[in-house]
Amino acid sequence: MKICQKCIMDDQNDNYIHFDNQGTCNYCKDFEDKKKLYTFTNEQVKSNLEKLKKKILNLKSGEYDLITGISGGVDSSYLLHLIKQLNLNPLIIHFDNGWNSELAVTNIKNLLDKTKFDYITEVIDWNEFKSLQRSFLKASVVDIELLTDHAITATLYKYAKKYKIRTIFSGGNFATEQGMPKDWSWQKSDLINIRDINKKFENIEMNTFPTFDTFNAIIEMFKAKFKLGDWYQKIEPLNLINYKKNDAINVLNKEYNWVYYGEKHYESTFTEFYQAYILYKKFKIDKRKPHNSSLIRNGEISREDALEKTKLPPYKTNEIERKKIDYFLKKIEMTNNEFQKILSDAPKKHLDYRNDYFIFQLLQFYRKYLNPKNVIKKIWKRF
Ligand SMILES: [Zn+2]
């Protein structure tokens, strides 16, 4: 096994990693290449935010200035804090897929109580969602979170249209999310993949699951570009402020009594089990490596600390592991035998099922070659 000398990424289960002569990986190199586009002086941050606010207010067409989702995790929570600081009037959507941790629920409540923002909790039909998650487990594909991510995006689009909101804020950010191996996830807009996997394994009626598709995403992109009809644009404000995860946690804790839940995305009990057990055991993928590698590159943690943190398996004792498995199986309604079979089945590719990869590639081609290459130019061009 080869491991990067700067971060903790290695060549296990990653077809895209490569190393230079000094033993530095391509993710570290990519970070260095792009870093300057996301690094600002204090004055620049101030001006970025002023410009952002002005542009949003100029574009505003309904009651709300913008719409955004909250999961109770660090990034989306800090985004709410930033919106409050900017004195904007957002509509907040919380998507409840049945797997919220208690901590996430308390964090969200504390944030909404203090910011007094308007919010909608979109509760998904639990039986339908549970069946779809079981289908994805049985299909042995890597990106089971695709279902939640797909539904959240579809829900944001739905309410953006309903309330004539032009701006969608996303907590996505370069600082703490760059460098995720490409084949550890699948494109979130692939509704054909969702439908096919459902059909093959549980075959339920998808009556309430919120959907959109890649073709639809392309249409929306063009509508936004030419400002046609009920267009909206997506903005990632955390890319404008020298975002640091640890600073965000401190601010949230101080201002909102917000409590951290341990690892990235563990605000959802499903995501926790998926990352800490299913990905780790079945797919031999340890997401703590890219997450902690990001923090090393962002200057928030030392390489030694990251290595120490990832030395033991995510569930450190058999007792914890057993408890987590029991909870998961009871909730998703699956027997231990069924689950053991899923764990021992060989992983499959999303491409082994019907998919819309071809349309997605066209979209990628557009983004890569027909859009300005300079990322910052690209961000500001949308204003
Ligand atoms: Zn590296």
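Biologist: To begin, where is the place of asparagine 257?
Modeller: Please keep in mind that this is a predicted model. Asparagine 257 sits in the loop between α10 and α11, the latter covering residues 269-282.

Biologist: Is asparagine 257 buried, exposed or partly exposed?
Modeller: Asparagine 257 has 14 other C-beta atoms within 10 Å.

Biologist: What is the phi of asparagine 257?
Modeller: Phi is near 60° there, a positive value although asparagine 257 is not a glycine. Most residues other than glycine have a negative phi.

Biologist: Which lysine has a positive phi of about 50°?
Modeller: That is lysine 164, again a residue that is not a glycine. Lysine 164 belongs to the loop between α6 (146-162) and β4 (167-169). With 13 other C-beta atoms within 10 Å, lysine 164 is partly exposed.

Biologist: Let us turn to the whole chain. How many helices and strands are there?
Modeller: The chain has 17 helices and five strands. Its radius of gyration is 21 Å, close to the 21 Å that the globule rule gives for 383 residues, so the chain is as compact as a globular protein of that length.

Biologist: What box do the C-alpha atoms fill?
Modeller: Along the principal axes, the box is roughly 55 × 55 × 45 Å. Of the 383 residues in the chain, 37% are buried.

Biologist: And what share of the contacts joins residues at least 24 apart?
Modeller: The share is 78%, counted among contacts between residues at least 6 apart in sequence.

Biologist: Now the helix packing. At what angle do α3 and α10 pack?
Modeller: Helix α3 (residues 74-85) and helix α10 (residues 245-256) pack at about 60°, and their axes are 10 Å apart. That angle makes α3 oblique to α10. The crossing of α3 past α10 is left-handed.

Biologist: Which residues make that contact?
Modeller: From α3 come Val74, Ser77, Tyr78 and His81, while α10 contributes Lys245, Ala248, Ile249, Val251, Leu252 and Glu255. By class, the contact of α3 with α10 holds six nonpolar, two polar and two charged residues.

Biologist: What about α5 and α8: at what angle do they pack?
Modeller: Helix α5 (residues 126-139) packs against helix α8 (residues 191-201) at about 85°, with the axes 9 Å apart. This makes α5 roughly perpendicular to α8.

Biologist: Which residues of α5 and α8 meet?
Modeller: Leu132, Ser135, Phe136, Lys138 and Ala139 of α5 meet Ile197, Asn198, Lys200 and Phe201 of α8. These divide into five nonpolar, two polar and two charged residues.

Conventions: Residues are numbered from 1 along each chain as its sequence is written. This is a predicted model: local features need pLDDT of at least 70, side-chain atom pairs count only at pLDDT 80 or more; totals for chains, interfaces and linings use all residues. Helices (H or I, at least four residues) and strands (E, at least two) are DSSP runs, numbered from the N terminus. The radius of gyration is taken over C-alpha atoms; the globule rule is 2.2 Å times the number of residues to the power 0.38. A residue is buried if 20 or more other C-beta atoms lie within 10 Å of its own, exposed if 12 or fewer, and partly exposed in between; C-beta atoms are placed from the backbone. Two residues are in contact if their C-beta atoms, placed from the backbone, lie within 7 Å. Axes are lines fitted to C-alpha atoms, for helices over the stretch in contact, and angles run from 0 to 180 degrees between N-to-C directions. Angles under 35 degrees count as roughly parallel, over 145 as roughly antiparallel, 65 to 115 as roughly perpendicular and the rest as oblique. A crossing is left-handed if the near helix is turned anticlockwise from the far one by less than a right angle, and right-handed if clockwise. Ala, Val, Leu, Ile, Met, Phe, Trp, Tyr, Cys and Pro count as nonpolar, Asp, Glu, Lys and Arg as charged, and the others, Gly among them, as polar.
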